[in-house]
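Visitor: I'd like to learn how to read a few features off a model. Could you walk me through some?

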Amino acid sequence: MVSLTGSYNIWIVVLSLIIAFFTSYQALGLIKKVTMIPGKITWGWLFIAGFVMGCGIWTMHFVGMIAFHLPVMVDYHIGKSVISVLASIGASLLAFYVTSTKITQGKLLLASLFMASGIVTMHYVGMSSMKSEFMTLSYDPFMWSVSALIAFIASYAALNLFVRMKMTHEGFVVRSLSAALMALAVTGMHYVGMEASTFWCIDPSYIADQAKIQAPTRLLITVLASIIIIILLTWLAQVWEQVVYKRMAYTDSLTGLSNRHAMNEYFRNTSLVNRKLAVMFIDLDQFKYINDTLGHDIGDQLIQNMGERLRKHKQLVFRIGGDEFLIVVPYNDKTEVLKFVTQLLNEIRKPFVLGKHQLEVTGSIGVSYAGEHGVTKDSLLKAADTAMYYAKNLGKNQFCEYNHDMEMKVIRRMEIEKGLREALIKKTFQIYYQPKWNISTNRPIGFEALLRYTHASLGIIPPDEFIPIAEETGLILPITEWVLETACQDCYEWNLGSEDELVVSVNLTSKIIESDRLYVMTRHALETTRLKPNLLELEITEQIMMNCGSFVGEQIEPLQNLGVKLSMDNFGSGYSFLGSLEQLQFQTLKIDKTYIEQYETPAKRAIVNSIVDLAKQLHIELIAEGVETESQLQFLKSAGCHLMQGFYFKKPMPVDEVGTWIKQL
């Protein structure tokens with residue numbers, strides 16, 4: 001046998017290096033998508049990256065074989081060639097899978113071993129696929145080992161750089177270095193492996209002129225097809241990436257519904273002229289409370305379940321904010337819209353069972369109509385949003401169709417809210433004081449603090465308008481804190497020159513009780529102003545007792561232990577006022593002014609007499625509110641009520657008039 005000496009076509013060798021670099025660069029870019037895009041779609045990126053890398057390794061190998069010329073005719077075994085390409089693809093998939101999750105040094109070594117094994121297996125199985133009846137093949141064990149070591153070291157270096165690229169988000173340079181090292185692993189192993197190979201010819205007479213030996217046509221076609229497939233897959237992956245990113249950009253990650261970007265795209269591509277479309281703006285009423293009390297995880301589950309519920313209606317649904325959704329509904333007649341939105345409200349209020357919690361939420365919905373309320377996205381959304389806020393202000397759990405009057409009311413509300421914030425910063429609120437009068441001594445026993453607010457442009461705003469706005473926006477907390485401190489300071493000052501100990505009363509809302517800050521802010525006000533606790537009285541309503549339950553006692557009782565007094569305002573206005581007296585120790589009851597206004601009716605007179613008797617038996621002071629006439633005073637006096645408050649005695653007055661008024665008594 002004669003040893004055969006081969007030669008290389010340097011240009012084809014360079015081509016093999018370029019192919020190795022190109023495929024490595026593309027594969028590393030594709031596998032990076034696995035860590036960037038969550039979900040099942042990552043398996044698609046993983047497969048494409050492994051396929052491109054595996055085919056690239058195989059293509060480089062056979063291009064390298066085309067570059068190598070032997071003086072005998074050589075063909076290739078199809079079965080072994082297929083095995084070699086499958087080995088390289090499989091090894092690439094395993095290596096990329098290991099590096100797609102959290103990386104440790106052990107995983108990096110394992111991935112490098114997979115990649116090197118694939119390269120080595122592909123090469124030597126590919127070498128064994130060479131067919132010639134006149135040639136045999138043998139290997140140098142040392143050079144064989146060197147080729148395998150080169151494959152492992154270069155694979156490790158390439159994957160290490162690749163991991164660094166993923167962790168630091170470095171781009172072109174590191175990715176290029178990683179691809180170059182991977183190309184070095186593939187080509188280095190191949191050409192060192194070729195050096196480890198010795199080709200033997202069994203008969204020298206079969207040796208031909210190398211120039212006349214051509215690469216097998218089948219091999220050339222296969223290699224060309226592999227290159228085309230790699231390029232095509234890379235292009236398809238880029239197209240797929242654009243589709244995936246667009247879908248991610250237009251899909252809400254929590255609910256899977258279309259998001260605000262999708263909504264903007266829809267209105268950009270949809271003509272609203274002469275279209276019968278209803279836009280429904282939905283806001284969940286109790287969502288913030290659920291988030292604050294049960295946590296954001298429960299809140300997220302609620303939003304997910306709500307999204308599923310809305311999706312079932314087969315309309316175009318968008319999630320455009322935390323607890324805000326938008327539905328676009330085509331219609332022929334408005335009665336269809338009204339029927340749909342009514343069904344929607346019923347669907348929203350159905351209970352949700354989330355783990356051990358059963359939650360019931362309601363929705364406020366605003367409806368606007370294309371054409372009637374505008375032909376642009378902004379005009380329709382503004383109209384629907386305005387109607388939604390109007391529905392919420394009416395008591396929630398309902399819908400409203402937009403009209404122009406709503407907008408004026410919403411604008412006024414926004415102006416008041418803005419003004420309240422400015423008044424809080426500049427301390428431009430006012431407190432008026434109305435005396436409580438003891439007709440037995442003909443002297444005042446104290447004052448009720450009444451908050452007043454004058455808007456810069458809207459003028460005087462009544463409390464029943466600005467207090468609900470302050471509650472909804474959370475401004476009621478700092479406002480109440482200011483009222484407590486100011487009222488305590490005023491009370492301290494007017495008691496300095498008074499023979500009587502005059503108590504000041506401050507009204508509370510349920511938001512103050514729910515905030516869990518009442519004790520802290522009251523204690524701070526007393527300590528700051530040095531007012532004795534028994535000169536401060538806190539007024540709560542029966543409605544607060546019903547809404548806040550036992551939480552009222554948890555907030556009030558520590559203050560009563562300090563000496564702060566407790567009064568029930570509007571006593572008798574509800575349906576369970578007698579039960580309320582068992583829950584807390586009240587020092588004062590204030591009869592609801594409705595009974596005083598209608599005292600001439602037998603039923604109201606009987607109730608007032610019963611309340612007076614009840615107060616005496618419980619040893620609780622009783623104050624009648626809204627006394628405005630002499631006849632009302634005489635009726636209350638005859639019933640046994642001697643503490644009164646109302647315009648008959650004195651209208652509410654600013655603090656600078658209180659001192660003068662007291663001195664004139």
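Visitor: Let's begin with strand pairing. Which residue in E7 is the bridge partner of Ser138?

Guide: Keep in mind that this is a predicted model. Two strands pair if DSSP finds at least two bridges between them. Here, Ser138 has Thr198 as its bridge partner in E7. Zooming out, E6 and strand E7 (residues 197-201) run antiparallel and are joined by 5 bridges.

Visitor: What is the strand order in the sheet they belong to?

Guide: The order is E1-E7-E6, an open sheet of 3 strands with antiparallel pairing. Strand E1 (2-4) and strand E6 (135-139) are the edges, each pairing on one side only. On average, neighbouring strands in this sheet are turned by 40° against each other, direction ignored.

Visitor: On to charges. How many salt bridges are there in the whole structure?

Guide: The general idea first: side chains of opposite charge can pair when their charged atoms come close. A search of the whole structure turns up 21 salt bridges. Take Lys392 and Asp283, whose closest N and O atoms are 2.7 Å apart. Lys392 sits in helix H12 (residues 377-393) and Asp283 in strand E8 (residues 277-284), so this pair ties together parts that are 109 residues apart in sequence.

Visitor: Are Lys392 and Asp283 buried or exposed?

Guide: Both Lys392 and Asp283 are buried. Now look at Arg421 and Glu417, with 3.0 Å between the closest N and O atoms of their salt bridge. Those two both lie in helix H13 (residues 404-426), 4 residues apart, or about one turn of the helix.

Visitor: Why does Glu417 count as buried, and why does Arg421 count as partly exposed?

Guide: Buried means under 20% relative accessible area, exposed over 50%, and partly exposed in between. Glu417 is buried because its relative accessible area is 18%, while Arg421, at 37%, counts as partly exposed.

Visitor: Which residues are linked in a network of salt bridges?

Guide: Lys436, Glu448, Glu537, Glu539, Lys590 and Glu625 are linked that way.

Visitor: What share of the residues counts as buried?

Guide: Of the protein's 665 residues, 49% count as buried.

Conventions. Residues numbered from 1 in each chain as written. Predicted model: local features only at pLDDT ≥ 70, side-chain atom pairs only at ≥ 80, totals over all residues. Heavy atoms only, no water. Axes fitted to C-alpha atoms, helices over the stretch in contact; angles between N-to-C directions. Buried < 20%, exposed > 50% of the residue type's maximum accessible area, 1.4 Å probe, protein only. Salt bridge = Lys/Arg side-chain N within 4 Å of Asp/Glu carboxyl O.
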